[in-house]
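I will write down what I looked up, one topic at a time.

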Amino acid sequence: MKRLIALIAFALAAPVFAQEEQSSAPYAYRQLDDAAQEARAQDLMETLRCLQCQGQSIADSDAPIAGSMRSLVRERIRAGETPEQIRGWLIERYGDYVSYKPQLTGLTWPLFAVPLAFVLIAFFLLRRRFTTKGNGQ
Amino acid sequence: MIAELGLAALWLAAALAGLQLVAGSLGLSTRGAVLGEAVRPVAVVQGGLALLAFACLIYVFAVTDLSVKLVALNSHSMKPLVFKIAGAWGNHEGSMLLWVTVMGLGGAFVALVEKRLPERTMLATLAGQAFVSLGFYAFLLVASNPFERLSPVPVEGNGLNPLLQDLGLAFHPPTLYLGYVGLSIAFSFAIGALVTREVGPAFAKAMRPWVLGAWIFLTMGITAGSYWAYYELGWGGWWFWDPVENASLMPWLAATALLHSCGVLAARNALRAWTIMLGVVAFSMSMIGTFLVRSGILTSVHAFAVDPQRGTFILALLAIYIGGALVLFGLRAATVTEGERFAFVSREGALVVNNVMLSAILGIVLFGTLYPLFAEAMGAKVSVGPPYFNPMSALFAVPMLVVLMVGPLLRWRRDKFARVGRSLVIPAMLVATAGIALLVAGGIALLPWLGLALSAGLGWASILPLKARNLRRTPLPIWGMVVAHFGIAVSLFGMSSESAFSIEKLVAVRAGEVTQVGPWGVKLDTVEPVAGPNWTAMEARLLVRYGVDRKVTRMLPQSRSFWAPPQQTSESALLTRWNGQLYAVLGGEAPKVAGEKQARWQLRLWWKPFAPLIWIGGLLIALGGLLALIGRVAADVRRIVAKDKIAYRREKQGR
Amino acid sequence: MSEHTPKSAPLAGRWAIWLPLALFLGFVALVIVGLYRPADRNVASALVGKPMPQFDLPAALPGRPGLDSRVLANGKPHLVNIFASWCIPCRVEAPQLGALAKAGVPIEGISVRDTTENLQGFLQQNGDPFQRIGADDDGKVQLALGSSGVPETYVVDGKGRIVYQHIGEIRPEHLGLLLEKLKEAGQ
């Protein structure tokens, strides 16, 4: 959608990065040999935020720091860490902002309570609409 | 001169909008009834003047009149004409002028043709419409005058980012705008109906074409925007749940719900207050979306047309209109009765489920989009992205899709499952078979699995309403419904397939080397420099072959460097087959390993089975809307013609 | 839906009718706060107040030691500056770093995604305040420190604990604050 515009605006606003070379981290642009591990890494990368671009995941960004993060994720997956361990490691350093998957905390519980409330409201609305008086014509 | 003419037309139009508001409001009372007569002509002239102002803006852009500040800032004499013209609305001021123009024309059209509703309701509707327009006129004239002159006159304009010179980007924003403005007309109808308490089938029928039209444009806008993001960003993603995307999705969700509840109100005179509420909500979502994008409150990256002062202005308009409408709703809704009753197993029942689920999804998208803002006010930073939105919206989308298989088959008011049960055997079997087959194949995540299984059943179930009908006599709106629902199945299949079966390959290869991506063999033939008008690029020639013995096709992805302004972009190359799309991107040169002579190039390759169906489905949905709109409007025209004939005959007989 | 006949549920009905307005007012209040209190766009490291992560970076320049995190826990406060030769704001902050070095503050450098030649050129042009420079070629130590860009500067106390993170270039007006933080770290 308008992310394209965002991308352009970003490219315009950030000549600072223009000279910066592509990430040279080993796994920035290289996949893991083990397909199952790569799939796990890919799923995780799609849920981590690129910190320089602010609107993209590290799985779809050319920013060097995204490359470094991809490499970090792949190397740690290869070393046998679970995706959630890696996510936890990054949150420890960057806070919840780095993860597109909100964790259940004192601050984020409404994110999970609201859908639950919607389910209940939807259920009761429909039930009330149709059981108490819905059949009376 | 032309610019002054445009500005004068704009002021006049604004004054007429004021007159329209005053006359419309006074016309509601018995004493002011005589003023009411003026409202329709005033609305027509107001629309005409707004159009004149917009035409003037197009003219100054077409001839590149650099003494107009807006032109100097956004255009360049050397641009192709089509982009000069598109430049007229490719900026904040111009897009606001487009907004009021479309709104004025919509009002004029309503004033000319809409005769079904009681005159009092029409007066209130047109007054409401003038009230909304007035705010935007004020915004334009006070805070963002598009015709402002510049002195001294610059020699040349600032130009436009070369990337913005894309036909798609030129017509994408106005498409969304037409959708937003259509919803503003629906909003005016809702206000008119609330003021006069005339909420009934006639109101729904008058409002429906506007909702349909708006919904078609929103559907196309979202579909096209998603496709551009897909091919332009170069990473194969097509939906990111980004705030700006959500801002365009929310009005669509509300409009979809409104469309369906309108159907209930028109056919059965039920869900009265609810439909009014949705009319208000749908337009609120357009304005909230515009506000979120323009104010730059959510992400600093979306620097395009971002200005906190404008944000404040839009927020003030938003507070007046939506707050006012909701107060009016609170005061009046209690006196608007709920209307006819119906059983759970009925067409209305199914549509109520659709409405509740769509509203819940809307609520979640809105809440999730705003939550980072709330967290920031609390002094913390959080991100809410796909891992939240996907499952949470599926929570409500899945039951809705299940009901969608049954709903269109049910009769109004009361029905029995037993009656429709038999025709649903095949879709149910399809869902079960697809589900089990995929489960056996294994390795598919929950959501794509659900999507694939459901889309199989939905595809079949969506065409069932045509069964036992004479296809030639089937009314167009029924065709529209079938096509749109089938489009949902198609799009759902595309999305799930893309998510479940995509194959990604990142490689660094030398010229002559072959890589396998799923069923494709990709050979890097050459990498050579090419030059464009304002860029140079490295272009890779890829020779690709599907399977083993098919013919070889060429793909030419580029890695472009623009020099003014300096920036790097990847031009992806796409190859579409009936069963999917091959997506190729040329990255940079890979770091040399010691002792290596030949350069290695990074390639990003994806094989995305059935991915194009995502957007084909979207287009089908819009086409369904178009068929329904044509059907409805044709019926209205026939009715008006017939009425005129009857009146004519009566007149003749009377003599 | 949101409305009910007054007979069956008068209270709930009234309440539900005003609910959309209440939600809308909540939205307006929220965005007003957002509009008039522009959020900090920087992503701060969550490690401030915590010990420096363990790392051992190789030397970025011949003849200059690399950076081992154990050096930071030698009892004296340090500045750790994350920089690169390709970063323009790093040139802007170079004079301030020079002034701090002259004042006797030990400054350790971490150069991110850089090459030896570029680095040498950068230091020749902009001055060289660094005691040690570690080469973080793949950006992994930068990630370990919770840094999201260059330049960033960490104040580390004598026990190797991060007490303060400065994001972006150090301008002359920031010097006082940094010296104060260093003083606090020294106590």
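This is a predicted model: local features need pLDDT of at least 70, side-chain atom pairs count only at pLDDT 80 or more; totals for chains, interfaces and linings use all residues.

**Entry 1, strand 5 of chain C.** With that cut-off I looked up strand 5 of chain C and found that 5 of its 5 residues are buried, so the strand is largely enclosed by the rest of the structure.

Next I asked myself in what order the strands of the open sheet in chain C are arranged. I read the order as 5-4-3-6-7, with 5 strands and mixed pairing. Strand 5 (132-136) and strand 7 (162-167) of chain C stand at the edges with a single partner strand each, so one side of each has no neighbour in the sheet. From one strand to the next, I noted a twist that averages 20°.

I followed strand 4 (residues 107-112) of chain C to strand 3 (residues 78-83) of chain C, with which it pairs in the parallel sense over 5 bridges; here C:Leu79 has C:Ile107 as its bridge partner. Strand 4 of chain C also runs parallel to strand 5 of chain C, and 5 bridges join the two, with C:Ser111 standing opposite C:Ala135. Tracing the chain between these two strands, I came to helix 3 (residues 116-126) of chain C, which makes a right-handed β-α-β unit with strand 4 and strand 5 of chain C.

I listed 5 helices and 7 strands in chain C, and from the N terminus on they run α-β-β-β-α-β-α-β-α-β-β-α. The radius of gyration of chain C is 25 Å, well over the 16 Å that the globule rule gives for 187 residues, so chain C is more spread out than a compact globule. Its C-alpha trace spans about 90 × 35 × 30 Å along the principal axes. The domain assignment gives domain 1 (1-39) and domain 2 (56-186) of chain C, and 51 Å separate their centres.

Lastly, I looked up an unreviewed UniProt entry, which lists residues 107-126 of chain A as "transmembrane region". In the model, that stretch of chain A is 90% helix and 0% strand, and its end C-alpha atoms are 31 Å apart.

Note on methods: Residues are numbered from 1 along each chain as its sequence is written. Chains are lettered from A and ligands numbered from 1 in the order in which they are written. Two strands pair if DSSP finds at least two bridges between them. Helices (H or I, at least four residues) and strands (E, at least two) are DSSP runs, numbered from the N terminus. Axes are lines fitted to C-alpha atoms, for helices over the stretch in contact, and angles run from 0 to 180 degrees between N-to-C directions. A residue is buried if 20 or more other C-beta atoms lie within 10 Å of its own, exposed if 12 or fewer, and partly exposed in between; C-beta atoms are placed from the backbone. A crossover is right-handed if, with the strands pointing away from the viewer, the path from the first strand over the helix to the second runs clockwise. UniProt positions are given in the numbering used here, feature names are shortened, and annotations may be inferred rather than shown by experiment. Domain bounds come from an automatic or database domain assignment. The radius of gyration is taken over C-alpha atoms; the globule rule is 2.2 Å times the number of residues to the power 0.38.
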